[in-house]
Amino acid sequence: MAEKADEHRRAMSVPLLKGQKALVTGANSGIGLATAVALGRAGADVVVNYVTGAEEADDVVGQIKDLGVQAYAHEADVSDEDQVVAMVARAVEEFGTLDIMVANAGLQRDAPLTDMTLAQWQKVIDVNLTGQFLCAREAAKEFMRRGVVPEVSRAAGKIICMSSVHQIIPWAGHVNYASSKGGVSMLMQTLAQELAPHRIRVNAIAPGAIRTPINRDAWSTPAAEADLLRLIPYGRVGDPDDIANAVVAMASDLLDYVIGTTLYVDGGMTLFPGFATGG
Ligand code: BGC
């Protein structure tokens, strides 16, 4: 009994992702930034991808290195095939391999349908959906090449797709964004089915309203925040760390048997709060 307890204590004191190599896209702000730092805190070495904002990316790299793990910044547009291929190749070169891909980079280009340009539609699909396809594809190649290393993880690799509550909640005025996230949901499930036999775990995290630059208008004034809180049963706007912690758990062996799921981290936003008093 005492031995078992000792073993348990030892296991708990080892950082959850010790020795793992992670890449986070869009890691110089918002959810990506918090996620990159949280992965470092959990013991992983981290590639901090960004497309604009080199200074912020360098700052994130500094924060991660201060935790005693390795990190570097890499500029790449996730919607550009050659740039994604080069980014993953460099990660393998610098860190030896890759264990965790967090396909996080995403953006909004909002407009009512009749004003939405094809360019606005295309940009959002390119970054939010095609970007995740390219990152997942390149990561999966490395995971398959290397296979399972039992001392590192029970899985050959983990792909975590950053989705949104809008993968199931329709969102007027944001048809490009909602369509991209609906696509991410099916991308994730199909890849999960295809890659599970290779011991690769593919899952998604679906954030609700998180306090980041993407939705500043929705929380930056008291009136806007009060309006937003009507959609959140739990009564608070989310913090980037709420999502970052979910990513760490999803990437770790604690959730090794979780395949093809979406974890909603949304304070109850997907519970149809309007029906709490109506219907
Ligand atoms: C969007 C945010 C929005 C949230 C909840 C996210 O996916 O990027 O702008 O506040 O969903 O509606």
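1. Buried means under 20% relative accessible area, exposed over 50%, and partly exposed in between (1.4 Å probe, protein chains only). Helices (H or I, at least four residues) and strands (E, at least two) are DSSP runs, numbered from the N terminus.

2. This is a predicted model: local features need pLDDT of at least 70, side-chain atom pairs count only at pLDDT 80 or more, and totals for chains, interfaces and linings use all residues. Residues are numbered from 1 along each chain as its sequence is written, and side-chain values use heavy atoms, with hydrogens and water left out.

3. S2 and S3 pair in the parallel sense over five bridges (pairing requires at least two DSSP bridges). Asn 49 stands opposite His 74 in S3.

4. The largest nonpolar core has 36 residues. Such a core is a set of buried Ala, Val, Leu, Ile, Met, Phe, Trp, Tyr and Cys residues joined through side-chain atoms within 4.5 Å. Leu 39, Val 48, Ile 64 and Ile 205 have the most contacts inside it. Helix H9 (240–251) is among the elements that each supply at least two residues. H9 gives the most, with seven.

5. A second, separate core has 35 residues, including Val 88 and Cys 135.

6. The residues surrounding the ligand (a heavy atom within 4 Å) include His 166, Trp 171 and Tyr 177. Polar contacts are pairs of N or O atoms within 3.5 Å. For Ser 164 the distance to a ligand oxygen is 2.7 Å, and for the side chain of Asn 215, 3.2 Å.

Notes: Polar contact = N/O pair within 3.5 Å; in protein donor to acceptor, adjacent residues only side chain to side chain.
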